[in-house]
Amino acid sequence: METFSIAKLNVRFEAAGDLLYSRTRAYLAPKQDAEADITIDLPESFFEEKHRKFPTLTLDECRYVWVGEAFYAGLLRHDGLLMHASCVERAGGAYLFSAKSGTGKSTHTKLWLQEFPDCKMINDDKPALRRLDGRFYACGTPFSGKNDESRNVQVPVRAIVFLERGEQNEVTPLAPSAAIPLFLSQTLRPPKTDLMAQMLDLLGDLLEHVPAFRLRCNMDPSAAHIAYQSIENYIQNHEKEDSK
């Protein structure tokens, strides 16, 4: 087993197979003997059974997918959540774009990368969200979907955006009560009642401190500019009100 630094946690597992091995190199912990926060010890027979059950996945892909799932399951015990989202950084803030598969969240964040030279990808599919010292951060992880688009960074969350396709570009703020079911459809929900209660408490705190939005957009480059300006105008106006 090796120790990896993921979302500011020491995570131990065996990076078997080319896919898992290659995508975890940027996350190797400098101190391999550091005490583990999360240990993932799944036998090879577990992955072989998953491969038999899901034959369209290679054995290599099964290791990658289910080690990642085990990490996100353990993350909840450390004030952390998975969010299926494409997450980018701009001006020191993280913007998460979540949507049903095929809606175009990766396409939208690629517009941000194209239109804003200072914009960088954090994780294109499965960023981790962690509460650290009372603030929420978006964290890169080696579990980034089909493409290896991730950086080992932790960036304060600026906004959470639920994306829908539309002919016009329009941003609408969401109340926490409206955002919670959307978030729950884009995360791993724990089977145990106590952990589900813990998740809901954490999610409630997240949405109390981080604004959520619905973005209806097309795929024109102007969608990135309208989204960014609308989100920032809303946040900055509320920051001014709070400072009064």
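1. Helices here are DSSP runs of H or I with at least four residues, strands are runs of E with at least two, and both are numbered from the N terminus. At 26% relative accessibility, I180 counts as partly exposed (buried means under 20% relative accessible area, exposed over 50%, partly exposed in between, with a 1.4 Å probe and protein chains only). Leaving aside residues up to four places away in sequence, I180 touches L203 and L207, where contact means heavy atoms within 4.5 Å. The C-alpha atoms of I180 and E232 are separated by 22 Å, and the two residues lie 52 residues apart along the chain.

2. A word on the basis of these notes: this is a predicted model, in which local features need pLDDT of at least 70 and side-chain atom pairs count only at pLDDT 80 or more, while totals for chains, interfaces and linings use all residues. Residues are numbered from 1 along each chain as its sequence is written, and side-chain values use heavy atoms, with hydrogens and water left out.

3. The axes of α5 (residues 176–184) and α6 (residues 193–209) come within 10 Å and cross at roughly 130° (axes are lines fitted to C-alpha atoms, for helices over the stretch in contact, and angles run from 0 to 180 degrees between N-to-C directions). That makes α5 oblique to α6; angles under 35 degrees count as roughly parallel, over 145 as roughly antiparallel, 65 to 115 as roughly perpendicular and the rest as oblique. On the α5 side, P176, A179, I180, F183 and L184 meet M196, M199, L200, L203, L206 and L207 of α6. By class, this contact has 11 nonpolar, no polar and no charged residues (Ala, Val, Leu, Ile, Met, Phe, Trp, Tyr, Cys and Pro count as nonpolar, Asp, Glu, Lys and Arg as charged, and the others, Gly among them, as polar).

4. Please also look at α2 (residues 44–53) and α3 (residues 59–75), whose axes come within 9 Å and cross at roughly 110°. That makes α2 roughly perpendicular to α3. Here E44, F46, F47, E48, K50 and H51 in α2 meet L59, C62, R63, W66 and V67 in α3. The class make-up of this contact is six nonpolar, one polar and four charged residues.

5. In helix α4 (residues 105–115), the buried residues are K105, H108, T109, L111 and W112. Seen down the axis of α4, they fall within an arc of 145°, so they line one face of the helix; the arc is that of the directions from the helix axis to the C-beta atoms.

6. G145 deserves a look too: this glycine is found in the loop between β9 (135–139) and β10 (154–165). At 17% relative accessibility, G145 counts as buried. Not counting residues up to four places away in sequence, G145 touches R23, Y64, D125 and K126.

7. Finally, two backbone points to check. Most residues other than glycine have a negative phi. D79, in the loop between α3 and β4 (80–82), has a positive phi near 55°, and D79 is partly exposed at 27% relative accessible area. D133 also has a positive phi, of about 55°, and is found in the loop between β8 (128–132) and β9. With a relative accessible area of 86%, D133 is exposed.
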